[in-house]
Amino acid sequence: MRIHLRLLSISALLALAACGESAPPEAVPSLTVSLASPQLREVTRDVVASGAVEAWEEVSVGVELSGLRVASVDVEVGSVVAAGDVLLRVDDRTLASQLAQSDASVREAQTNLETARRRAARVRELADERLVALQDAEQAEAERDNAQARLNTAIASRDAARVQRDFTVVRAPVSGVVSARSVQPGQVVGAGGELLRLIRDGRLEWRAELAEGDLMSVGTGTPVQVDTPTGPVAGTVRTVSPALDAQRRTGTVYVDLPDPGPLRAGMFAQGRLALGRAQALLVPNEAIVRRDGRAYAFTVEGDGRVRERGVAVGATHGDMIEVRDGLDADDRVVARGAGFLGDGDLVRVVDSATVADAANADARGAAGPDAEATPATAPAAPTGAGATREATRDAATGTLAE
């Protein structure tokens with residue numbers, strides 16, 4: 001009797017356990033997506049590089065005198081000057097006095113020369129008439145020649161004094177823009193020191209370092225676009241460095257900027273060097289997901305599940321990005337919502353991104369207030385292909401999806 005009762009108890013427990021079990025829920029799509037096909041288009045191949053904006057040629061301006069006081073400075077930083085314009089003046093009173101003294105010495109030497117010439121002529125006439133010794137005539141002519149030499153010396157001294165006086169007015173050696181000023185009126189200056197700096201012709205250039213592989217593809221005249229906050233600035237490669245850095249294996253390209261716009265010397269900017277046109281496979285930017293430093297795209301299989309594909313991407317072209325490896329032209333990739341997917345997720349495919357956004361918005365609305373905390377369209381992103389993700393509740397059905 002006890003055995004019979006025990007068997008009945010076991011049967012009852014098994015029946016209760018069977019009643020507690022329910023049929024597994026039917027799998028439902030976790031996201032509504034739209035697809036896009038990679039497009040083969042002709043694009044401009046370019047190299048992206050970073051570099052500094054520098055002056056094409058900088059001219060350092062100073063004085064050639066020492067121990068003199070600056071009387072005035074006629075320019076400021078940013079002043080545009082032409083060759084020969086006055087930049088600053090140095091107190092010239094001492095040098096003007098020396099020049100006046102030299103002028104007096106020249107006039108004295110000229111008077112002495114005229115006297116010596118007349119005397120030499122008279123003595124020569126008397127010597128020809130044998131009224132004086134020939135030696136006296138030769139001595140008078142020697143004195144005349146010495147007077148001529150003293151006059152030449154005085155003229156040279158006067159010219160040197162004039163040059164020294166002219167050094168007190170510092171003029172622009174070239175046309176350009178004043179980029180730096182380190183002198184003030186009243187300052188005592190010395191020879192050789194930099195007082196002003198000019199950017200010749202106001203001309204700037206962008207200098208970027210390229211790897212040796214990219215450097216081989218760049219030549220003189222290559223078009224360049226240098227990025228600025230207000231838009232790109234056009235330039236052309238003026239020259240390419242003939243030698244590479246032995247340690248880093250990089251070379252420098254010098255890009256002329258005829259109209260630098262907002263760029264200033266000393267800025268650091270990124271630019272693109274156009275190398276030519278070629279065919280490229282393009283997909284929408286939204287179709288590429290970057291995780292753990294790698295790029296992925298999601299393709300949809302026949303069973304409605306997505307497959308994560310590692311891809312190699314290139315440059316962006318507007319709202320499209322180049323895929324160099326990992327996809328074929330006949331693949332169909334998830335164009336909207338790829339960032340919320342993981343490998344193997346079940347999705348519902350619609351014709352356009354607008355319809356997909358509307359469907360996902362409806363799913364969030366049906367989920368109620370809890371959807372704000374855990375959006376149906378944004379399950380936890382996996383860290384890579386095949387990674388385990390936490391279970392999330394579907395907003396439309398309330399079922400748990402892995």
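Start by selecting Asp85: setting aside residues up to four places away in sequence, it touches Val170, Arg171 and Ala172. Keep in mind that you're looking at a predicted model.

Now show the C-alpha atoms of Asp85 and Arg171. These residues are 86 apart along the chain, yet their C-alpha atoms are separated by 5.3 Å. Zoom out a bit and you'll see that Asp85 lies in the loop between strand E5 (80-81) and strand E6 (86-90). Is Asp85 buried, exposed or partly exposed? Its relative accessibility is 33%, so Asp85 counts as partly exposed.

Next stop: Glu205. You'll find Glu205 in strand E11 (residues 204-211). Glu205 counts as buried because its relative accessibility is 1%, and the cut-off for buried is under 20%. Show its side chain together with that of Arg207, and look for the polar contact of 2.7 Å that joins the two. Then bring up the neighbours of Glu205 from beyond four places in sequence, including Ala52, Trp56, Arg238, Tyr254 and Leu257.

Last, click on Thr250, which sits in strand E14 (residues 250-257). Which side chain does the Thr250 side chain meet in a polar contact? Select Glu209, whose side chain makes that contact at 3.4 Å. Leaving out residues up to four places away in sequence, Thr250 touches Glu209, Leu210, Ala211, Leu244 and Asp245. With a relative accessible area of 16%, Thr250 is buried.

Definitions and conventions:
Residues are numbered from 1 along each chain as its sequence is written. This is a predicted model: local features need pLDDT of at least 70, side-chain atom pairs count only at pLDDT 80 or more; totals for chains, interfaces and linings use all residues. Side-chain values use heavy atoms; hydrogens and water are left out. Helices (H or I, at least four residues) and strands (E, at least two) are DSSP runs, numbered from the N terminus. Buried means under 20% relative accessible area, exposed over 50%, partly exposed in between (1.4 Å probe, protein chains only). A polar contact is a pair of N or O atoms within 3.5 Å; within protein, one must be able to donate a hydrogen and the other to accept it, and residues adjacent in sequence count only if both atoms are side-chain atoms. Contact means heavy atoms within 4.5 Å.
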